[in-house]
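I opened this notebook to record what I looked up in one model. The entries are kept brief.

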Amino acid sequence: MTGLSAPTPDSENARRYERRAFSSAAVFGGMAETKLAPDPKAIKSALADPERVLGLLGLLDGAKRQAHGFVVLCPWHSERTPSCSVKLASDGTIAAHCFGCGVGGDVLSLVAAARGLDTRRDFGRVVEIAADLAGGSLDGYRPPVRRAVPALRLPPPVESVGALWAAARPVTDDPDLARQLLGRCLDPAIIEDRDLARCLPSSGTLPKWARSGSQTWGESGHGLLLPLWNPEGSLCSVHARLVESGQTERAKGLFPASHSAKGLFLADSFALLLIRSGVPKWWRQSEPPSVIIAEGAPDFLTVATHYGCTEYAPAVLGVVSGSWSDELAARIPTECRVVVRVHRDEAGEKYRDAICRSLSGRCRVFVEAGEVSHG
Ligand SMILES: [Zn+2]
């Protein structure tokens, strides 16, 4: 133990790192003979000099000294005056915190930010770079064998989605939910009739992904389920929605926990027919079918319940975060007239631009700013 600010190690491990931080054994978890992966803890204690680390990361330009460290230009956000504090914390490792954007973390987070990496996604790479920066102090370090890239996040298992959807009840079965839908000018009877959404099963266990944090969708009040489809027109996931209006801290729409909903979207039955098999033979109107693309679940339901049950009603697609893809665009028949109906905000403009770009030169696209904006 040297240095005034050195911490009191709280475990035998910490004590060992303290003494052996400059030997390669420490980098390999103190057990060089069995472990090959560099130990992030050892790297953190080896990279405990703010000035040296900031210098190595090129973050000393414009830095101001403060007790136990510096205030530097934030590596997480763009700024002209430094507001990111990087100092030696009471545990003897570097702690970073930006007072401008609120982001922060340990020395590995700092390395990741300075090198444009993501601490979670690129953790192995971040540790490697940090070990390299520790350089001489981690003499003998060899980069770990690269592990296979972690599996891409996928939608939930198709059987569990099918089972939940089969067990879900008509929206008219839940009087509270039906009342809340009516309160938003959505007719539960039409939603049920067109099978656009259902409500959570009243009994039985929900799949383990039907939760947000410690609460199940039932507990958090996300009782309205909307099916999410893939560009082949198969049911792949569900979107759970809180219908009650009013101020709430809770997210209004949820997707299965730990699963991806990328490329999945909402669709009414005519939209599914079009993307599965193109314009049907029975279509005899002089005008080709229209496809309305609405943003978000409430607007999707508003538009999909708006038209009467005529053979020539438009097809309705609903885009939620991450829905739009070139695969979906390619499934929309070329002769269709596409009406993009998005919110008048930044997210809406992004959807609009992405949709127009991917359909340009193929479908006729009309843009209509959404009048109705449901929270
Ligand atoms: Zn910042």
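The entries below go from the whole chain to single residues.

**Basis.** I number residues from 1 along each chain as its sequence is written. I am working with a predicted model, in which local features need pLDDT of at least 70, side-chain atom pairs count only at pLDDT 80 or more, and totals for chains, interfaces and linings use all residues.

**Whole chain.** I found 14 helices and 16 strands in the protein chain. Helices (H or I, at least four residues) and strands (E, at least two) are DSSP runs, numbered from the N terminus. Buried residues account for 36% of the 375 residues. A residue is buried if 20 or more other C-beta atoms lie within 10 Å of its own, exposed if 12 or fewer, and partly exposed in between, with C-beta atoms placed from the backbone. I then looked at contacts, meaning pairs of residues whose C-beta atoms, placed from the backbone, lie within 7 Å. Among those between residues at least 6 apart in sequence, 59% join residues at least 24 apart.

**Cores.** I took a nonpolar core as a set of buried Ala, Val, Leu, Ile, Met, Phe, Trp, Tyr and Cys residues joined through C-beta atoms within 7 Å. The largest nonpolar core has 60 residues, of which Val291 and Leu317 touch the most other members. Not counting residues up to four places away in sequence, Leu317 touches Phe265, Leu266, Ala267, Ala271, Val291 and Ile293.

**Helix 6.** Buried in helix 6 are Val126, Val127, Ile129, Ala130, Ala131, Leu133 and Ala134. Glycine 135, just after the helix, takes a positive phi of about 45°.

I counted strands as paired if DSSP finds at least two bridges between them. Strand 2 (residues 69-72) pairs with strand 3 (residues 84-88) in the antiparallel sense over four bridges, and valine 72 stands opposite cysteine 84. Strand 3 also runs antiparallel to strand 4 (residues 94-98), to which five bridges join it. Here lysine 87 is opposite alanine 95. Five residues separate strands 3 and 4 in a hairpin, and glycine 92 in the turn has a positive phi of about 85°.

**Sheet 6-9-10-11.** Next I traced an open sheet of four strands in the order 6-9-10-11, with antiparallel pairing. Strand 6 (198-199) and strand 11 (253-254) each have a single partner strand, so one side of each is left without a neighbour in the sheet.

**Tryptophan 217.** I located tryptophan 217 in helix 10 (residues 217-220). Is tryptophan 217 buried or exposed? Tryptophan 217 is buried, because 25 other C-beta atoms lie within 10 Å. The residues that tryptophan 217 touches include Leu200, Leu206, His222 and Leu254. Its C-alpha atom is separated by 8.2 Å from that of leucine 200, 17 residues apart along the chain.

**Positive phi.** Histidine 68, in the loop between strand 1 (64-66) and strand 2, has phi near 65°, a positive value in a residue other than glycine. Histidine 68 is partly exposed, with 15 other C-beta atoms within 10 Å.

Conventions. Contact = placed C-beta atoms within 7 Å.
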